[in-house]
Every structure is written in C-alpha cells, then in structure tokens.
Amino acid sequence: MGKRTKFPTVFWVANSVEVLERFAYYGIYMSFGIYMTELGFSKGDLGTVQSIFLALSYLVPLFSGTFADRYGFKKMLLISYLAYLPAILLLILTQTFSGIALTMLTIGFAAGLFKPLISSTVRATTDSTNKTLGFGIFYQMVNLGASFGPIIMGKLRGWSWDYVFYTAAATVGLMFIITLLFYKEPDRELEGVTLKQKFRDMGEALSDIKFLSFLTLLGVFFWLPFWAFFNVLAVYINEYMDTAALYESVRMVLGTGVARFISNQDGGVWRLNAEAISHTGYIIIVFQLLISRIFEKRAAIPSFMIGLLIAASGFVVLGLSVTSINGLVFLGVFLFAIGEMISSPRIQEYIMWIAPKEKAGLYMGTNFLSVFVGATLSGIYTGLMGRFEAAGHPEYIMYTLTAHTLLGILAIYIFVKKAGGFQERTE
C-alpha cells in the first residue's frame, strides 16, 4: 500500500470553515420553529418559511458550482458570507412575517452558494491515497457543527434570542476572516461548463423516464419526510412534552453538568432545550462507521428500505412519546438517525448504479433535484401539525409521517421490481 499524501493547509482551512458554517446554519434552523411560534405565528406560517429557506438552500448549489469555476472558490465563499451576515442581523430587527421570510430566504440563498464549495475544495485537495479519509473528515466536520449549533443556540435563546443571532453573525464574520486570510485557491481541473450547458445536461439526464421517476419517488417518499422530521421536531418537543421531566431524565443518566448545558431555567425550573436533541448529528458521529460496516456488503435498495422502515419506527415512537412516556423521544430520534445512516449513503450508491457508466457524474449531479423537491414540500407537514394540534392530537403528525414512509417503501419496491433494481452489484 502506497504512502498517503499529506493534506494541504487549504484542506484544513476549508474544514474549519465548514464546522463554523454548519454551526451557524443548524443553530438557526433548529431553533427557528420555536422562535416563530414564540412570536405568535401559526404552524402554517412557519411551514411556509421553512419551505422557502430549504428550497433556496438546495436549488442555488446548481448555479454556485458553475460560478465558482468562473470566479474562483474564494470569491464565491466571500460573497456567500456577505449575503449571510446582514440577513442574520436583520432577524434581530424584523418581526413581521414578510421580513422574516425575506431574511430566511437570503440565508437559504447564502447557504446554497456556500454548500458545494467546501466539498469541491476537499475533492480538489485529495487524491486516491487520501480521498476516503479526506471525505470522512469532512463528513464529521459537518456533523460536529450541526450538533453543537443547536446545543449552543438553544442555551443562548434561554437568555435572549438576540444572542442567538449575534452569535451566528459573529461566526460568519469569523468565517470571512479565516477565508480572507488563509484560504488559498486549490489547484483543480475546471469543470468548464456554462449554465446553458449544465441545463442541457440536466435535460438529457431527466429525459430518462426511469431515472426521472425514481428521483420523483425519492423526493416525495424519502426527502420529504426526512426534512419534515427536522422541521417539526423541536417545536413538537417544546410544545407537547414535559421538558422539565426530560431534563430530569438526562440529569439522571448523564449528570447535572451535561443536563444543565443543554437546558435553561424557566421560573426556577430546569427545562431541556428541545433543539438540543432534535437533530441526529451527534448520533451519526458515534455510529456511522459501525452502520456502514454492517451494511456495506448488502445490496443497496434492500438496505435503503430497511433504513426507511427503521426511520418509520422512529416516527411511531415519537408519536407515543407525547401520549405515554416523554422519555421515548430519545429512542425515537435514535431510531430515525439509524434509518438515516443506512438509507442516505445507500441511495447515492443506487443512483450511481442505475446511471449509464459514462454519465454517472451527470446523473449524480441531477440527484439534488430530489432533495430540492422533498425540502420544498416539507413545510406542508409543519402546517398539518398545527391542524392536528388544534384537533387535540399533535402526535398524529408522527403517525402521518409513518404512513407516508411506509407508502414510500411500497412505491420504491414496486419501482425497483419493474426496473430490475435488486440485481445491482454488491461487491
């Protein structure tokens, strides 16, 4: 085995920036539902803003990679920060629906600009000897930022929401300084593709009816419930569960120090911050390697559907956690995380398999459309949760997501049967 190439400085600079960006992004996103409901907005209003925010986050990367080719990674990174920073600060000043929607749209746009640039930097600064390790480090940095953002921001909003937005803005400011001073444009082969050519290529991939059908199924039955989970969970826990009892559960298992770190006092009572446990980043950091090893030799689509089934069981447990034992919420989030860890990597593999070999990159690039479809539609479920709440059964949102996911398993099973999807390579 050859010697592994040393990572250049820009690799570490890029990963440092990634941690900070995910910290700010998920810190705002996971707390945002609680923020809007505290301001008195309906779940329908919240769902609309969430859909706008996520739609921009996953649509803009289509263009930002092409612009990065033309103007350079560093310039595009700095432009994304210049959109991020004032939008975050405007959240302190505006409390109208239109103002909040516009600021979150801008933050989604900035995140979309940023999103492909760091992974492209990692790709440009690794080779065959260190690529696997390089992307493993990158993936862990994503989850590290996504874990600590909601925890820290949850703590800060117990003192003042302004502290949340100032901290996120300061984080983006630090990213700007790091990028300006230390980010050196990596040597890379330019893609050399214009937006016109990119759209033409997308049209070519999407003219494959089999592939387009699968992307649609994936968007509606995987990514939609996936984003709905993150959209609703913090509000679901905060409004429908006894967070003081959840604090006691954490304190008994992990100790007072840890429990208070992820909780705030309310009238002398310690209550667990819902956003601190409403994400899967910390679970992924611990278990992803083990899960990957268990499923690496298994066929992609059966593994994917097992993941969906486990995620669906997580929704059932989350429904029960409101009507029976609140502490079941921890098991529900854990089960969903296991399902995510199984499903997400394996479906990427399957897309590579159904693509013609000479067009694998083109098909993978078009895959973002399924994420975009699911993310954009996901806000519907936030509004639906409000309707279930008004009817006295907020837990029905989780049972609806269960039914949605089970229907997805059936739909995808029928698709791959007709498409011959169980014969993919497993070696």
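R387 is located in helix 17, which spans residues 379-390; helices (H or I, at least four residues) are DSSP runs, numbered from the N terminus. The model is a predicted one, in which local features need pLDDT of at least 70 and side-chain atom pairs count only at pLDDT 80 or more, while totals for chains, interfaces and linings use all residues. Residues are numbered from 1 along each chain as its sequence is written, and side-chain values use heavy atoms, with hydrogens and water left out. With a relative accessibility of 66%, R387 counts as exposed; the classes are buried for under 20% relative accessible area, exposed for over 50%, and partly exposed in between (1.4 Å probe, protein chains only). Between R387 and F73, the separation is 314 residues in sequence and 45 Å in space, C-alpha to C-alpha.

Helix 9 (residues 209-240) packs with helix 2 (residues 43-59) at an angle of about 145 degrees, and the two axes are 10 Å apart. Axes here are lines fitted to C-alpha atoms, for helices over the stretch in contact, and angles run from 0 to 180 degrees between N-to-C directions. Helix 2 and helix 9 cross in a right-handed manner; a crossing is right-handed if the near helix is turned clockwise from the far one by less than a right angle, and left-handed if anticlockwise. On the side of helix 2, the residues involved are K43, L46, Q50, L54 and Y58, and these meet W227, N231, V235, E239 and Y240 of helix 9. Contact means heavy atoms within 4.5 Å. Sorted by class, the contact of helix 2 with helix 9 has 6 nonpolar, 2 polar and 2 charged residues. In this classification Ala, Val, Leu, Ile, Met, Phe, Trp, Tyr, Cys and Pro are nonpolar, Asp, Glu, Lys and Arg are charged, and the others, Gly among them, are polar.

T48 also lies in helix 2. T48 has 39% relative accessibility and therefore counts as partly exposed. T48 and S378 are 330 residues apart along the chain, and their C-alpha atoms are separated by 9.2 Å.

The axes of helix 9 and helix 14 (residues 328-354) come within 12 Å and cross at roughly 160 degrees. Helix 9 is therefore roughly antiparallel to helix 14, a term for angles over 145 degrees; those under 35 count as roughly parallel, 65 to 115 as roughly perpendicular and the rest as oblique. The crossing of helix 9 with helix 14 is left-handed. From helix 9, the contact includes K210, F211, F214, L218 and F222, and from helix 14 the residues include V329, V333, F336, E340 and S343. By class, this contact of helix 9 with helix 14 has 17 nonpolar, 3 polar and 2 charged residues.

V329, in helix 14, is buried, with a relative accessible area of 0%. Apart from neighbours within four places in sequence, V329 is in contact with I237, M241, L246, I277, L318 and S321. V329 and N15 are 314 residues apart in sequence, with a C-alpha to C-alpha distance of 32 Å.

A further partner of helix 9 is helix 16 (residues 368-377), where the packing angle is about 45 degrees and the axes are 7 Å apart. Helix 9 and helix 16 are therefore oblique to each other, and their crossing is right-handed. Residues L215, L218, G219, W223, L224 and W227 of helix 9 meet S370, V371, V373, G374, A375 and L377 of helix 16. The classes in the contact of helix 9 with helix 16 are 9 nonpolar, 3 polar and no charged residues. V373, placed in helix 16, counts as partly exposed at 31% relative accessibility. The C-alpha atoms of V373 and L318 are separated by 25 Å, the two residues being 55 apart along the chain.

The largest nonpolar core has 136 residues, of which F32, F214 and W227 touch the most other members. Helix 9 supplies the largest share of this core, 21 residues. A nonpolar core is a set of buried Ala, Val, Leu, Ile, Met, Phe, Trp, Tyr and Cys residues joined through side-chain atoms within 4.5 Å. Not counting residues up to four places away in sequence, F32 touches L46, V49, L91, I100 and M104.

S119 lies in helix 5 (residues 97-124) and is buried, with a relative accessible area of 16%. With neighbours within four places in sequence left aside, S119 is in contact with F135 and F138.

Key
Helix = DSSP H or I, 4+ residues; strand = E, 2+ residues; numbered from the N terminus.
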